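Here is a short report on a protein model and its ligand. Look over the sequence and the structure first, then read on.

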Amino acid sequence: MPQSYEPAISRATRSFPYELRTFPVRRVDGKISPELSKWAEAVALGFHGDAMTEDALAFYIACEEVDGRMVTGAYLSDAQAPVGAWDAQYPVSTYAYHRKNLNVGAGTLMPVHQITAVTVRPSHRRRGLLRAMMDSDLAQAKAAGIPMAALTASEATIYGRFGFGVATHTSTIEVTVKGGLDFLVPAAASVGVVEIAPVGTVRDLHNEIFERVHATSYGSIGRHDMYRLAATGLGNYGAVEPLKNVRAALHYDASGAVDGYVTYKPSDDKNRSAVEIVDLLAVTDAAYLALWNYLGSLDLIDVITWDMAPVVDPLEWAIAAKRHYKRTATEDHLWLRILDTPGSLAAREYASDGSLVIHVGDPLGHASGIFRIEVVHGKATVTRCPEDGSVEAELSMGVSELSSLYLGGVTARVLLAAGRVREMRSGSVAVFDALFAAPESAHCMTSF
Ligand SMILES: CC(=O)SCCNC(=O)CCNC(=O)[C@H](O)C(C)(C)COP(=O)(O)OP(=O)(O)OC[C@H]1O[C@@H](n2cnc3c(N)ncnc32)[C@H](O)[C@@H]1OP(=O)(O)O
């Protein structure tokens, strides 16, 4: 769908000689179009990946097709592309989305617009291309009735300006397992059976296990098709050669059904004998501890590392030596961006009943307004109030702040202290935090 585009917040004097085009990732008669192939090559360039081989491209496109991915490129005209340089069919910037869902608690999976593959060719950066693609895409997602957008960011300084807020974090951990991993309640870490399996078995079971974990994990977001391959070392963006050093273990529950797995590989660390977790999914707490018990039994290994550990991790409290669990980093992970304030707020559960009037600011206009939130039996009715001065908001914040507060990743009290929310009626921050208290610490185990 070709479209001419003027950025919503235009830098008046800056020219914008690009045309944005959006199209689906889809083969036609089994063939990949030059347009799609050049788009994928531009993504590889943007993330400093290898040039796309035909095999890598076919592999990549097959996965993206399953996700129903839509891609956008910004294009120069033929006349604007210098002779000898990449021709005008190569986009100077890329952007993509797929739509899955987000677990917002109490078993509710809310539709979410997941943004990925954002790149701008270095020779065209800082001319408003990201802003143009983002403005256009968010407007279309809003118009399509999607209440929330999401992404995982390459840098923490880019997306706040577009209304995204950090909603979940992940921890990087190192667990010392030299001599074994002792549990305070050994029986709790010994439920069921853990056994080695071919990585291909995990690839085939991945989607089913993920769906079960996703359905019960507060803050979890849908996984794209490539994940089952990346999680097992059997392929990733631009990489078709399977890794030869990834191992897999399955957890079987008491009935013999698989309810979790871990994939892992030796780490490159030359100074110590370490294994890093590639992916770990457990449907139950028992499966989680049993898989760690298995990892703790790896001979010749001093340390297990994992860069996607939950910030609140039962493992830390299950092992006998708490100091053997080291959190070496905690980083922002899932960024959310509310597009439809009443729709998003009505979808989640609330910890207590009550009511509050909040003002939400949004430079793009999608989420802004004054809203009355009335919670009865944990469910909210959210109504837009007139902005003629007849209703006074008790608390004011930007859409980025509300998006961070949405899953309880931070409290309004903390954002007040950070100078990011404004309390117009004394006590309203406390009311907000009582309403929005999270049922548990949100954890998203998926990057995209
Ligand atoms: C969801 C994902 O895909 S995350 C991956 C993001 N992509 C990458 O990291 C790949 C490498 N980087 C790039 O390709 C580009 O530099 C991008 C995509 C980050 C930015 O693209 P640009 O077209 O240069 O951004 P654009 O000119 O539209 O800038 C928009 C605003 O963001 C700011 N901005 C852009 N990049 C950055 C950055 N890396 N850090 C801080 N601010 C930034 C600009 O200063 C501008 O601010 P303003 O509107 O207040 O003036």
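## The ligand shell

The ligand is surrounded by 21 residues, and the closest are Val 118, Arg 125, Leu 129, Leu 130 and Ser 154. Keep in mind that this is a predicted model. By type, the shell around the ligand holds nine nonpolar, six polar and six charged residues.

Which element gives the most to this shell? Strand S5 does, with six residues. S5 and H3 each supply at least two residues of the shell.

The UniProt record, an unreviewed entry, carries a "binding site" annotation. That annotation covers Val 118, Thr 119, Val 120, Arg 126, Arg 127, Gly 128, Leu 129, Leu 130, Arg 131, Ser 154 and Glu 155. Two of the annotated residues, Thr 119 and Leu 129, are worth a look here.

## Two annotated residues

Thr 119 sits in strand S5, which spans residues 109–120. Leu 129 belongs to helix H3, residues 129–143. Buried or exposed: what is Thr 119? Thr 119 counts as buried, because 23 C-beta neighbours lie inside 10 Å. Leu 129 is buried too, because 24 other C-beta atoms lie within 10 Å. The cut-off for buried is 20 or more.

| Residue | Element | C-beta atoms within 10 Å |
|---|---|---|
| Thr 119 | S5 (residues 109–120) | 23 |
| Leu 129 | H3 (residues 129–143) | 24 |

Now the contacts, leaving out residues up to four places away in sequence. Thr 119 touches Ala 42, Val 43, Gly 46, Phe 47, Ser 93 and Thr 94. Leu 129 is in contact with Tyr 18, Ala 74, Val 92, Ser 93, Val 120 and His 124.

## Cores

In soluble globular proteins, nonpolar side chains tend to be buried together. Here, the largest nonpolar core has 85 residues. Met 148, Ala 150, Trp 335, Leu 336 and Ile 358 have the most contacts inside it. Helix H3 gives the most to this core, with seven residues.

What does Ile 358 contact, beyond its neighbours within four places in sequence? The list is Phe 371, Ile 373, Ala 393, Glu 394, Leu 395 and Met 397.

## Domains

The protein chain is divided into domain 1 (2–146), domain 2 (170–332) and domain 3 (340–436). Between the C-alpha centres of domain 2 and domain 3 lie 37 Å.

Methods: Residues numbered from 1 in each chain as written. Predicted model: local features only at pLDDT ≥ 70, side-chain atom pairs only at ≥ 80, totals over all residues. UniProt positions renumbered as here; feature names shortened; annotations may be inferred. Helix = DSSP H or I, 4+ residues; strand = E, 2+ residues; numbered from the N terminus. Buried ≥ 20, exposed ≤ 12 C-beta atoms within 10 Å, placed from the backbone. Contact = placed C-beta atoms within 7 Å. Core = buried A, V, L, I, M, F, W, Y, C linked by C-beta atoms within 7 Å. Near = placed C-beta within 6 Å. Nonpolar A, V, L, I, M, F, W, Y, C, P; charged D, E, K, R; others polar. Domains from an automatic or database assignment.
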